[in-house]
Amino acid sequence: MKRTTKCFLYLLVAMLVILGACSSNDAGVASNENDKPKKGTNEKTEEVVRIGVLASLTGALEVYGKQTVRGFELGLEYATGGTMEVAGKKIEYIVEDTETQPNVAVQKATRLLEDHQVDFIVGSSSSGDTLAVLPLMEEYKKIMIVEPAVADSITGENWNRYIFRTARNSSQDAIAGATAIAAEGVTIATLAQDSAFGRDGVAAFKKAAEELGAKIVHEEYADPSGVDFSSNIQRIVNAKPEYLFVIWAGANSPWGQLADMKVQERGIKISTGAPDIAALRTMDAVIGMEGFTVYHHSLPNNEINDWFVKKHLEKFGEEPDLFTPGGFAAAMAIVTALEKSGGVTDAETLIETMEGMTFDTPKGPMAFRPEDHQALQTMYAITLKRTNEFDYPVPVLVRELTPEETAPPIKNR
């Protein structure tokens, strides 16, 4: 009798374990009847494409992270016609906050790869976060779409073949920026954050400017989390350049202090990449400056951008910002690749599919360069002006810089 009772108890425990396992769900996976795998399939990769999105949703770059996520959502909507399906598979995505800390980015990426078994990772807002995650993609043999991190080393010495980037890199920014101001004999100082983003940006700008005949007379690097840049600016003033080229990302911008210290009144012309709308609102002091921009919603003239601006206004109550189209482009790249591969998510198939692949974006067509998987894309030479259309200084188009014109050097060899 005791033996029968013990066997019954063992059997009951086993049944409970099986039932518990059958009722569990991964985060983000729908469980209604219509979302069950089709008959004859039992692998999640056969019916669902899962995408992990790494973004700075807190910290100094949280605004950029939120822009990327918004753009990614709208990009998936546009690319799939609102169905959230491609090649007969559902698309699901999971967003993780890196907190703009590389160690956290690695933890979150590992969770996405192991616990959620994602097929792609998109991200991240910070170059430091992204560089920390790159080795994981090679280890797990999964594709990462880098957006919006720009450090050259991501598609340079730290690159691996699983890395594709829809974001422009520092060299593309540098070529656009140098084209706007550099010429034979012109003297230039630079101001940038002391980070991978800042130092890579200055190195690329210096090379491009010197090739055009300019001379870099001073390089100044500031604390990325700092708020007082007066000593940095004073050293620039002491160097007496003709131009100051500024490379900056984040809310703690130096524009106010540059105006307070009357840099332009001292005969130093300021040039930069026109930033996000919040930063543009602080740039009255540099109206008239000549520079470049990655994106402003008023610049591209195409149907996708028209749809994008309209939908963003409807959904979020404001126009898309500097990094929103990058999230959109990442989504378009993934859906285009899956359409071409017939829904196959095997990394080797995707690499073969995506090398040289052209895909549409709000900025026009982009293409992944086969050698380093960097997306070649349109940039914009601009002048910062006040117009009746906007209540902040706005980048006004001088001319489009073609993808071929701003193609960066290949640095992963």
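Me: What do the buried residues of helix 7 pack against?
Reply: In this predicted model, where local features need pLDDT of at least 70 and side-chain atom pairs 80 or more, while totals for chains, interfaces and linings use all residues, they pack against helix 5 (127-140), helix 6 (170-181), strand 7 (187-193), strand 8 (215-222) and strand 9 (243-247). Residues are numbered from 1 along each chain as its sequence is written, and side-chain values use heavy atoms, with hydrogens and water left out. Helices (H or I, at least four residues) and strands (E, at least two) are DSSP runs numbered from the N terminus, and contact means heavy atoms within 4.5 Å.

Me: Which residues of helix 7 are buried?
Reply: Phe 197, Gly 198, Gly 201, Val 202, Ala 204, Phe 205, Ala 208 and Ala 209 are buried, that is, under 20% relative accessible area with a 1.4 Å probe and protein chains only (exposed is over 50%, partly exposed in between).

Me: Switching topic, how many residues has the largest nonpolar core?
Reply: It has 90 residues, and Phe 205 and Met 354 are among those with the most contacts inside it; such a core joins buried Ala, Val, Leu, Ile, Met, Phe, Trp, Tyr and Cys through side-chain atoms within 4.5 Å. Helix 12 (residues 324-341) gives the most to this core, with 10 residues.

Me: What does Met 354 touch?
Reply: Leaving aside residues up to four places away in sequence, Met 354 touches Ile 143, Ile 145, Phe 164, Ala 337 and Phe 368.
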